[in-house]
Amino acid sequence: MDTIALLIGALGGLIAGIIIGRILLKKVYSQEEQKINEKTELLLKEAELKAETIKKDKIIEAKEHLLKLRSEFEDESNRKRSQISNSENRLKQKEQTLSKQIEQNKRKEDELDSLKENLTAQLEILNKRKSDLDKIKQEQVNALEKIANLSADEARDQLVEALKDEAQTKASSFIKEIMEEAKMTATKQSKKVVIETIQRTATESAIENCVSVFNIESDDIKGKIIGREGRNIRALEAATGVEIIVDDTPEAIIISGFDPVRREIARLSLHRLVTDGRIHPARIEEVVSKTKKNIEEEIVEIGEKTIIDLGIHGLHPELIKLIGRMRFRSSYGQNLLQHSREVAKLCATMAAELGLNAKLAKRAGLLHDIGKVWPEEPEMPHALLGMELAKNTTRTKRYATP
């Protein structure tokens, strides 16, 4: 019985707890629901406020945009009106200018009509006077014919004969005076042509000696160039055909020889040997051989450049080489190539002054000393040798004088 009572009491307590828990849960739920409703209402109010604020901002922006568009429209309208007004003013000015020009043209037409009438009247008067003069002239001619018993044609013929004899006498005297004056001034004019030609083409001359100086950095290099028992210097002299003088001159070696081409080959060979540092007979022969080849190519380039500068064409390759060799030769203290270029220009200028073939004269002036650079020892004067060289190297094509 006690156990049942206990169970019933526990069950009742359980039921009471459930009921109380449900009541409490319902109360808590009601409070939460109320809070949610309050938050919802608060969010709705905030959203409405924001919407109202955004609405007001948009309305203000729309009004500002409308005002801006209205202002731009008014500015554009004012600009258009100003342009239209300016155009109307220009048109009015043009109309006024055209009206003035029309009035001036009309006034000038009236003046021209008046001038035309005056000229017509004066022309009629002149024609009348001319007719009167012709009539008077004819009357005078008739009177003279009666007095002289000669017709007008006969009198004219006699007058022409008399004037012809007088003219022949004066012409003979005039021709004699011209011939004498020409003889007196011919020499003067020819000297003037030569002097003016020289003045137009005069340039400085270059003096070359029979020695060249090769500069070195220190005297220690002189021993390398001489070599053991002089083998190197003998090999260099034999390969180049010049004399190498190594004396007490500080930092310098003298290259002596009458052939400037050989001196230049020796100078360039020495420069390459000293730069390379390997100086022995085999190396000397190799360097001298290469240098000779380079000098030959340079001679051809100089000859070709010279004839191109002077406008001379059609020369034989051997003549071109000889022209290039003139660069390394001097004559009477002047570089031979420079001298020949000057002579070519002088000949062309004088030929042009005299009405002759300037191109042919320029060619002859360039080649006039070609015999001086013939590599072999000449057996005849250089002028005759140059003539023979030009004949032997002339191509089949002939250059006729105009």
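Lys290 has a relative accessibility of 48%, so Lys290 counts as partly exposed (buried means under 20% relative accessible area, exposed over 50%, and partly exposed in between, with a 1.4 Å probe and protein chains only). Salt bridges with shared partners tie Asp276, Arg278, Arg283, Glu286 and Lys290 together in one network.

Within that group, the side chains of Lys290 and Glu286 meet at 3.4 Å, N to O. A salt bridge here is a side-chain nitrogen of Lys or Arg within 4 Å of a carboxyl oxygen of Asp or Glu. By this rule the protein has 10 salt bridges. Side chains of opposite charge can pair when their charged atoms come close.

## About the model

This is a predicted model, in which local features need pLDDT of at least 70 and side-chain atom pairs count only at pLDDT 80 or more, while totals for chains, interfaces and linings use all residues. Residues are numbered from 1 along each chain as its sequence is written, and side-chain values use heavy atoms, with hydrogens and water left out.

## The overall picture

The protein contains 10 helices and 5 strands. Helices (H or I, at least four residues) and strands (E, at least two) are DSSP runs, numbered from the N terminus. Of the 402 residues in the protein, 20% are buried.

The protein exposes about 30,900 Å², and carbon and sulfur atoms supply 56% of that area. Accessible areas come from the Shrake-Rupley method with a 1.4 Å probe, and for residues only the protein chains shown count as cover. Looking at contacts (heavy atoms within 4.5 Å) between residues at least 6 apart in sequence, 63% join residues at least 24 apart.

In helix 1, Glu76 and Arg79 lie 3 residues apart, about one turn of the helix. Their side chains form a salt bridge at 2.4 Å, N to O. Glu76 is partly exposed, with a relative accessible area of 33%, and Arg79 is partly exposed at 38%.

Helix 5 (residues 260-276) holds Glu264 and Arg267, which are 3 residues apart, about one turn of the helix. Here the salt bridge between the side chains spans 2.8 Å, N to O. Arg267 has a relative accessible area of 28%, so this residue is partly exposed.

## Patches on the surface

Helix 1 runs over residues 2-148, and Asp110 is found in it. Asp110 belongs to a surface patch of negative charge, together with Glu109, Glu111, Asp113 and Glu117. With a relative accessibility of 46%, Asp110 counts as partly exposed. Patches are made of residues with over 30% relative accessible area and no salt bridge, where like charges are joined within 9 Å and nonpolar side chains (Val, Leu, Ile, Met, Phe, Trp, Tyr) within 5 Å. Lys and Arg count as positive and Asp and Glu as negative, while His and the chain ends are not counted. The place of a charge is taken as NZ of Lys, CZ of Arg, CG of Asp or CD of Glu.

Another patch is nonpolar: Leu11, Leu14, Ile15, Ile18, Ile19 and Ile23 make a surface area of about 580 Å². Ile15 is found in helix 1. Ile15 has 44% relative accessibility and therefore counts as partly exposed.

Arg341 lies in helix 8, which covers residues 336-353. Is this arginine buried or exposed? Arg341 is buried, with a relative accessible area of 19%. Leaving aside residues up to four places away in sequence, Arg341 touches Thr306, Asp309, Leu310 and Leu366.

Leu346 is also found in helix 8. Leu346 counts as buried, at 19% relative accessibility. Between the C-alpha atoms of Leu346 and Ala361 the separation is 8.8 Å, and these residues are 15 apart along the chain.

## A positive phi at Glu229

Glu229 lies in the loop between helix 3 (220-226) and helix 4 (231-240). Its phi is near 55°, a positive value in a residue other than glycine. Most residues other than glycine have a negative phi. At 69% relative accessibility, Glu229 counts as exposed.
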